Amino acid sequence: MAEATLCKVCNKNEMAFNCNECGIPLCDICKKEVTLEEQTPGAKVKGDVTMSTLRPAKRKLKVCPKCMAEADFF
Ligand SMILES: [Zn+2]
Ligand SMILES: [Zn+2]
């Protein structure tokens, strides 16, 4: 049998992701999805790098509950 990597949080389910912070395997149930909105306040680099299509920079992080609790995302 092929060995399946188990989620390091619940140790029951097969892993689906790696934590974006610490890299441990996570299953779909245990993973926490964090959406970071990176808004550039006041557009400091005006005229330099301007995105033609106005899209707020969103980063999605998939992290484990531990990192979710420890990391200061917000
Ligand atoms: Zn799990
Ligand atoms: Zn983590």
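In this predicted model, the zinc ion (ligand 2) is coordinated by the SG atoms of Cys19, Cys22, Cys64 and Cys67, at 2.2 to 2.3 Å. The angles among the four donor atoms run from 104 to 118°, and the site is tetrahedral; for reference, the ideal angle for four tetrahedral donors is 109.5 degrees. Along the sequence, the donor residues of the zinc ion (ligand 2) follow the spacing C-x2-C-x41-C-x2-C.

The chain contains one helix and four strands, which are arranged from the N terminus on in the order β-β-β-β-α. Of its 74 residues, 19% count as buried, and the chain exposes about 6100 Å², of which carbon and sulfur atoms supply 51%. Among contacts between residues at least 6 apart in sequence, 46% join residues that are at least 24 apart.

The largest nonpolar core is made up of eight residues, namely Cys19, Leu26, Val34, Leu36, Leu61, Val63, Cys64 and Cys67, and the elements that give two or more residues to this core are strand 3 (32-38) and strand 4 (57-63). In soluble globular proteins, nonpolar side chains tend to be buried together.

Definitions and conventions. Residues are numbered from 1 along each chain as its sequence is written. Chains are lettered from A and ligands numbered from 1 in the order in which they are written. This is a predicted model: local features need pLDDT of at least 70, side-chain atom pairs count only at pLDDT 80 or more; totals for chains, interfaces and linings use all residues. Side-chain values use heavy atoms; hydrogens and water are left out. A nonpolar core is a set of buried Ala, Val, Leu, Ile, Met, Phe, Trp, Tyr and Cys residues joined through side-chain atoms within 4.5 Å. Buried means under 20% relative accessible area, exposed over 50%, partly exposed in between (1.4 Å probe, protein chains only). Donors are N, O and S atoms within 2.8 Å of the metal (3.2 Å for Na, K and Ca); water is not among the atoms, so sites may look incomplete. Four donors count as tetrahedral if all angles lie between 85 and 135 degrees; four count as square planar and six as octahedral if opposite donors are over 155 degrees apart and all others between 65 and 115; anything else is irregular. Contact means heavy atoms within 4.5 Å. Accessible areas come from the Shrake-Rupley method with a 1.4 Å probe; for residues, only the protein chains shown count as cover.
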